[in-house]
Amino acid sequence: MIARRGRSQAAELLTKIAREVRSGVQLLGQLLGTPESERAALRDELLALEGNAMDLHFNLMTHMRSVFLTPLPRQDIYTLSQQLNRTMEHVVAAGDFLLAREHLKLAPQSSEQVETLTRQVDLTIGALSRLDDFDQLEDYWIQMQRLAKQGNRTHREWIISTDGAFQPNIALQQTQVAEALLSAVEAQRTVAITAGSIIVRES
């Protein structure tokens, strides 16, 4: 059964997961600006954030089994949580690629992509904290579509910028980081797509 009013624990747990993702994206931004010799110290922190997000997902699953009323259909809550954790996985993957290539200097588009992802996650946090406000969810969906398109444009520019500018193995390393970040951007878009489907179905 669906609860339409009031702040639910499910919504709170989803918001907490999104905040862990936000911390992960912030840490990835730090990695981009951290001297190579100091990057390794941040890996444990990044992995801890990923673990926290998964623990919150498990807590959410346990909570949904123990309550009668939920703010949204249980499948939607589960899907949102999974998509948030997928975003975190891609953020960690980008960090791992960076840490494995100490001397890799990324193109300027890397910072642009992290900024786009940051804006997405900030919007997601706001949306998840007000799941019962369908007008707000619609605005969230629209903004996320625009940001995802921007992320795809940045990705193409990033890949094109590697043409002829680096040795083939360096271009491949750039592409691996770029793909991980684009996957995170797209994972956030799927959160908004789920929100859009909720609006259509539940309005």
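**Close-up views: a cavity and a helix pair**

The structure holds 1 cavity of 30 Å³ or more. This is a predicted model, in which local features need pLDDT of at least 70, side-chain atom pairs count only at pLDDT 80 or more, and totals for chains, interfaces and linings use all residues. Residues are numbered from 1 along each chain as its sequence is written, and side-chain values use heavy atoms, leaving out hydrogens and water.

**View 1. The largest cavity has about 50 Å³ of space.** A cavity here is a set of points on a 1 Å grid over the protein atoms alone where a 1.4 Å probe fits but cannot get out, and lining residues have an atom within 4 Å of a point. The volume is the space filled by probe spheres set on the points, which are joined across faces, edges and corners.

**View 2. Leu80, Ala127, Leu128, Leu131, Leu137, Tyr140, Val191, Ala195 and Ile198 line the largest cavity.** By class, this lining has 9 nonpolar, no polar and no charged residues. Helix α7 (168-202) gives the largest share, 3 residues, while α5, α6 (134-161) and α7 each supply at least two.

**View 3. Helices α1 (residues 9-33) and α5 (residues 109-128) pack at about 165 degrees, with axes 9 Å apart.** The two are therefore roughly antiparallel, a term for angles over 145 degrees. Their crossing is left-handed, that is, the near helix is turned anticlockwise from the far one by less than a right angle.

**View 4. Among the residues of α1 that meet α5 are Leu14, Arg22 and Leu32.** On the α5 side, the residues include Val114, Asp122 and Leu128. The contact (heavy atoms within 4.5 Å) has 12 nonpolar, 6 polar and 3 charged residues.

Key. Axes fitted to C-alpha atoms, helices over the stretch in contact; angles between N-to-C directions. Helix = DSSP H or I, 4+ residues; strand = E, 2+ residues; numbered from the N terminus. Parallel < 35°, antiparallel > 145°, perpendicular 65-115°, else oblique. Nonpolar A, V, L, I, M, F, W, Y, C, P; charged D, E, K, R; others polar. 1 Å grid on protein atoms, 1.4 Å probe; cavity = no way out; pocket = protein on both sides within 12 Å on 5 of 7 lines; lining within 4 Å.
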